[in-house]
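Visitor: Hi, I'm new to this one. Could you walk me through it?
Guide: Happy to, let's bring it up.

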Amino acid sequence: MSTSLRHRLRGPAVACLAASCALLLAACGSEQKEATTTSARIAPAQTTATGGPTATGSASASPSGSASPRLTDDQAERQRLVPATKVTWDKAVQTAVATVPQGKLVETELAWAPPNATASGSATASASASPSEGAGARTPAWHTSVATADGTLHGVWVDGVSGKVISDRPDADQDAEDKQELADRLKRTTVTPEQAVQTATQDDKGTVTAVELDDDAWSVDVVDTSSWDKTTYEVSTTERRVLRQEVDRD
């Protein structure tokens with residue numbers, strides 16, 4: 001075969017080989033691009049399954065652990081009554097005891113003043129005294145029982161906002177035996193109500209809402225203003241020590 005003929009045959013062969021290589025490279029590039037595109041489509045789905053947007057959304061839908069607990073009816077009542085009161089138990093007792101000659105505390109309790117608690121029933125109360133308007137339609141007041149030396153009880157209402165006496169009335173339900181029993185109990189009691197409260201609140205700095213003289217103990221109610229639970233302490237009437245205590249979470 002002549003040299004010129006070989007050159008003529010080699011040219012088309014080389015061209016075909018070059019074209020085949022070009023097609024092969026193009027096909028490889030297309031496959032690589034498709035693989036990349038497919039990988040890009042799969043990646044978000046894998047991320048979502050392992051903690052991506054779907055997992056985050058689920059976590060945010062979980063209930064919050066910081067939600068405030070629901071108050072009971074009694075706790076809600078304490079929450080309304082205690083902050084509305086401006087006069088402390090001891091100031092109210094001082095005022096109530098001063099209205100009764102030689103009077104001694106038997107009981108005081110924070111409550112809402114009744115609508116009929118006015119000064120008209122007391123000769124010692126100011127004629128202008130009436131439930132305070134400072135707390136709105138309902139007025140906080142200290143309902144206090146004060147006894148004379150012979151055991152006669154007087155019911156004294158002291159306004160919890162102004163500190164004034166609302167009413168002072170003798171207890172009409174006492175008989176001679178009741179009076180003698182109370183007089184004897186007061187004679188046996190050597191711990192004062194102030195000392196009883198100090199003993200009850202030495203480790204509890206809540207708000208005192210009641211103090212009552214029982215047979216062998218002073219009963220002291222202390223309200224925790226963070227939870228509105230009430231703890232009742234029983235303090236000996238002859239020793240400054242706590243005999244019993246009970247927490248009311250209702």
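Guide: A term to begin with: buried means under 20% relative accessible area, exposed means over 50%, and partly exposed is in between (1.4 Å probe, protein chains only). Aspartate 229, for one, is buried, with a relative accessible area of 13%. Please keep in mind that this is a predicted model, where local features need pLDDT of at least 70, side-chain atom pairs count only at pLDDT 80 or more, and totals for chains, interfaces and linings use all residues. Residues are numbered from 1 along each chain as its sequence is written, and side-chain values use heavy atoms, with hydrogens and water left out.

Visitor: Which residue forms a salt bridge with aspartate 229?
Guide: That is arginine 249, and the closest N and O atoms are 3.7 Å apart. A salt bridge here is a side-chain nitrogen of Lys or Arg within 4 Å of a carboxyl oxygen of Asp or Glu. Arginine 249 counts as exposed, at 57% relative accessibility.

Visitor: How many salt bridges does a search of the whole structure find?
Guide: The search finds 9. One of them joins aspartate 215 to arginine 185, with 3.6 Å between the closest N and O atoms. Aspartate 215 lies in the loop between strand 5 (207-213) and strand 6 (217-223), and arginine 185 in helix 5 (residues 176-188), so the pair ties together parts that are 30 residues apart in sequence. Helices (H or I, at least four residues) and strands (E, at least two) are DSSP runs, numbered from the N terminus.

Visitor: Is arginine 185 buried or exposed?
Guide: Arginine 185 is buried, at 15% relative accessible area, whereas aspartate 215 counts as exposed at 55%.

Visitor: Where do arginine 244 and glutamate 234 lie?
Guide: Their side chains meet in a salt bridge of 2.4 Å, N to O. Arginine 244 lies in strand 8 and glutamate 234 in strand 7, so this pair links parts that are 10 residues apart in sequence. Arginine 244 counts as partly exposed at 42% relative accessibility, and so does glutamate 234 at 23%.

Visitor: Back to strand 5. What does it pair with?
Guide: Two strands pair if DSSP finds at least two bridges between them. Strand 5 pairs with strand 1 (residues 104-112) in the antiparallel sense over 3 bridges, and 6 bridges join strand 5 to strand 6, also antiparallel. A hairpin through 3 residues joins strand 5 to strand 6. Since 5 of its 7 residues are buried, strand 5 is largely enclosed by the rest of the structure.

Visitor: New topic: how much space lies in the largest pocket?
Guide: About 260 Å³. Of the 14 residues that line the largest pocket, Arg78, Leu81, Glu109, Leu110 and Lys230 are the closest to its centre. On a 1 Å grid over the protein atoms alone, a pocket is an open set of points where a 1.4 Å probe fits, with protein on both sides within 12 Å along at least five of seven lines; lining residues have an atom within 4 Å of a point. Grid points are joined across faces, edges and corners, and the volume is the space filled by probe spheres set on the points.

Visitor: Which element gives the most to that lining?
Guide: Helix 3 does, with 5 residues.
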